Amino acid sequence: MNRLLTCILLSMVAVLNAQQIDLEKIFEERNLGPVGELLARGEYDLVARIGEAAAEKGLKAPEWRLYRLKALVEMGQIETALDESRKALVLFPGHFELLMLRHDFARMLGKADVMAEAMNALNEAAKAKPAKDRTALENVMLGKAALVLGADAQKVIAQYFKVAQSKEAKLEAAYLAEGRLALEKDDAKRAADVFRAGLKAHGETAALRLGLAEAFRSSDREKAAENLAKALELNPHLHAAHLLRAELLIGGEKFVEAEAAVQQVLDLDEQNPLAWSLRAVVAHLFHADPKKVEAARAEALKRWERNPEVDHTIGRCLSRAYRFAESAGHQRKALEFDPKYLPAKVQLCHDLLRLGEEEEAWKLAAAIRTEDGYNIQAHNLGLLEKEMSGYVTKTFPDFTLKMPKRDWPIYGERALALLRDAKAVLTVKYGLDLKRPVLVEFFGAQQDFAIRTFGALGGQGMLGVCFGTVVTMNSPGSLAHGRNNWESTLWHEFCHVITLSVTKNRMPRWLSEGISVYEERQRDPAWGMSMDATFREMVLDEENETLTPVSRLSGAFMNPETQDHLMFAYFESSQVVEYLLETYGKEKFQGILRDLADGKRINDAIAENTADMEEVEKGFTKFITGRAKGFGAKAEWNEPKPEDLNPFDDGSFATFLKEHPKNLPATRKYAAEMVSQKNWPEVVRTADILIDLLPGDFSDESGYSLKVMALRQLKREDDEIAVLRQIAAKSSSAQSAFLRLIELDLPKQRWTEVKANAQRATALNPFLVTPQRALAESHSALKENAEAIAAYERVLILDPGSAAQTHFKLAALLRETDATRARRHLLDSLALAPRNRAGLAMLRDWK
C-alpha cells in the first residue's frame, strides 16, 4: 500500500507545484510513510509544503513536523527550521528527536545558548522516561546527545546504538549514528561494516549508501564511486553526496565538473557552508585567485561566522593537493574559532608531520588521544611515535635521515651518498636552491610507513612518498621490498622534492610522477620504466583508448581499471615529459614549471611554452605510437587464428610456425613445448629467435631469460655468463641474474664484475649476506680498503656465524691505518676461533 501511495504522491508533485492539489487527500496517518519516502528521495519542497499544511490543520502526529523540519534544513532554511522546532516543542514537550534536531539546527548557526538549552531539556526528558520504556529511536537520540556532552564513544555505541539496533533491527537511524561516529573517529573499516549491516537490515537508502561511499573513499575508490552513484540514484538532491562527489572530482583535478557538483547544492541551499568551502578550494587550486578564495570563504561563513568546519574543509582538500602549509594555516584558523574542534586537530597533526614539524605533531597527537580515546589515527600515531623513538637520527646540513637502528650501518651511508648525488644533479638541472634540509625517513614495517604516510593502514605496494621536503620510504629490508630497487625509488622521491619545491607544490600529479620516472632513466637506463609488451599493447589498443590525452592525464591516476593501467599512467606521463623535452627543449620545459609556480593551470602553461594543446597531443600520440611500433618491430604480434591450427593434427602447429617464423605468440608457445620436453639445444635456438624479435625485452618471459635457463642446463657456462651480463646491464630488478653472476665470477676472481653485481644486488636488498660479502671481497681485492672495511663491517652485523673470519679480515685491512681497531678485531677473532693459525701468526708478528 505504501508503494502505491508513494506513486500517487509523486504523480501529484507537478500539480502541487501549480497549486492545484487537494491537500485533504494527503492528511491521513497512513500517508506518513509515503511522505517519509518522498523526503528520502529528495522531494524537499513538496514535503515542506505538506508538513506546513499539516501543522496548520493541527494534525497530532509529530512526524508531520519532523519531516518538514528536515526538508527545510535541506533547502537551507535553517533559521526557519530552528524557529519552528521551538513551536513544535510547545506541542510535543520533551520529544527526544525534536530536541536533538533543535540542537543540531542551533549548531549550524553557532547559537551555543540554544544548543545548551536543547541538551538540558533532552536530559530532563530522559530522566522522566525509564530506559525500558524508551523506543529504539529515542535511544539513538540519547546516544547522539551523550556524544555531544563528551561521553566515551565506545560506551555510547554499546549502551545506545547497539541497544537501538537490537530493539528495532530495521531502524536506519541506529546504523547511521554508529557508522557516522566510526567515520568521525577515522575507523573506516568499522564504518563500512556498520553501513553494510544497515543496508542488510533496513534495505536500500541514500544515506546508508553515502556512508559506505565515505568509508571506502580512501581504500577503494571504485567501491566509493559505485556507492556514491547509488546514493544519488536513490536521492538526486542529497547534498552530502554531491559534496563528496565534488571532493573526489577535485582530487582528480576535474575542477569544472567539481564546480558543477557544488552548484547543484547551492541551487537548493545558496548559503551551504561546505559547498562554498569547496568553491574556495577550486578557486585556490584551479583559478589561483586569492580574491575568489576569500570571497568564497566569506560566503561559507555567512550563516555562522565562526564555523570551524569551513577552514577545516578548505585545508583538508588543499592538503590532498600537497598544499600542507596552506592546510595547516586553515586548520589553525578553525581552531581559533573552536579550540576543541577535533577534526582540525587531527588534520593539523598530519600536516605538521608532512611538513617535518614532528615534535609539535607528536604533542598534538597526544592531546587528541587525551581528549578522544577512540580516534584511530591519533591512536596509530601514538604507536608510531613509540616505535620511532627507537630509531637512529642522523643530522647533516643538507639531510636528516631517520631509520631503525639496525638499518643505518647496512645502508645509511649509501642512502646519504645517493641523496647528495641526486641533489647535486637535480638542483642544478631544475635551478633550485634548497633552503632547508630534507627529512628522509625509512620504516622497517610497512604498517609504520602507512601510518606515517597516510595516517592509517594501507598503501600496500607503495615504496616511497614525498611531501615536499619530507620523504617517507619503506626500508629496503622490509617485506614491501625485495624485487624493487630502493636506490631508484629514493632517486625518484628526491626528484619530487625538487619539482614540488620548484613549482611551490602547484603541479599536477601526472607531471610530478612523469618527471621522476624520466629522471630515473636519466640516472640509469636500467631504472625507471621502459616500453614493454604490456605498454605496447596499451598504446596501440585503439578500441579501449588506454592512451590518455595529455590534457586529461591526471585522471589516469584516479580510478585505474587495473594495476597495469596505473603503471601505464606513470609510464605515459614519463613519455610526455621526454617528448616535451626532446621536441621543445629544456628552456621551454622549465618555463612550464615556472608558470605552474606562478599559479597557471597546467594546460595553459604547456600551451604558452610549447604549442596549442591539440598540436601537443597529436605530436605526442605520434611520438609514443612510433615507440610502441618500434618495440618488436620485426615480430608478428597477432595470435594464430583457430582455423590456422588443427587440434587433431600434431603437425599443424609446426606448419604454421614455418609459414610464420616471426609470429611471437607461436614462437613463445613452441619454446614452452621445448622446455617441457627438455630439448635444451632447441630452446637455445628458439630463445635466439625471441631475442631477435624482441631485443629490448629483458623481463622474466624474455628470450634472454629463456636462453640462460637452457645454457645452464647445457653447462655452457661462458655463454650463460654473456647472456646474464646483458640482463644485468638492462634490468634493475634481475636479482637472480645478479646473484648467479656473483656465483660464477667469484671463483674466477673477476673482481670488477663481482663488485658491479654485488652493488646491483644490494640495491634491491642490502640485507642479503652473499652480495655484501662479495662486495667486501671485491673491494679488498681491488685495493679499495675503505670500502672493503665498511662492507666487512656490514657482513659482521648480518652474518654473526662467520664473525671469526670477518674480524680477521678487518684486522688485516685496518692494520696499516688503525692499529688499535685492527688489534681489537684480531683479538675478537681469536676469542671466537682460538686455533686460527693465521690469526695467531698475525698476533705474534704484531709490533
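Trainee: What is the strand order in the open sheet of five strands?

Mentor: In this predicted model, the order is β1-β2-β3-β5-β4, and the pairing is mixed.

Trainee: Which strands stand at the edges?

Mentor: Those are β1 (391-395) and β4 (464-466). Each has a single partner strand, so one side of each is left without a neighbour in the sheet.

Trainee: And what does the twist average from one strand to the next?

Mentor: The average is 10°.

Trainee: How many bridges join β1 to β2, and do they run parallel or antiparallel?

Mentor: Five bridges join β1 to β2, which covers residues 399-404, and the two strands run antiparallel. Within this pair, K394 stands opposite L401 of β2.

Trainee: Turning to the helices, at what angle do α13 and α15 cross?

Mentor: The axes of α13 (residues 206-216) and α15 (residues 239-251) cross at roughly 25° and come within 10 Å. The two helices are therefore roughly parallel to each other.

Trainee: Is that crossing left-handed or right-handed?

Mentor: α13 passes α15 in a left-handed crossing.

Trainee: Which residues meet there?

Mentor: From α13, L210, A213 and E214 meet A240, A241 and L244 of α15.

Trainee: What is the contact made of by class?

Mentor: The contact of α13 with α15 has five nonpolar residues, one charged residue and no polar ones.

Definitions and conventions
Residues are numbered from 1 along each chain as its sequence is written. This is a predicted model: local features need pLDDT of at least 70, side-chain atom pairs count only at pLDDT 80 or more; totals for chains, interfaces and linings use all residues. Side-chain values use heavy atoms; hydrogens and water are left out. Axes are lines fitted to C-alpha atoms, for helices over the stretch in contact, and angles run from 0 to 180 degrees between N-to-C directions. Helices (H or I, at least four residues) and strands (E, at least two) are DSSP runs, numbered from the N terminus. Angles under 35 degrees count as roughly parallel, over 145 as roughly antiparallel, 65 to 115 as roughly perpendicular and the rest as oblique. A crossing is left-handed if the near helix is turned anticlockwise from the far one by less than a right angle, and right-handed if clockwise. Contact means heavy atoms within 4.5 Å. Ala, Val, Leu, Ile, Met, Phe, Trp, Tyr, Cys and Pro count as nonpolar, Asp, Glu, Lys and Arg as charged, and the others, Gly among them, as polar. Two strands pair if DSSP finds at least two bridges between them.
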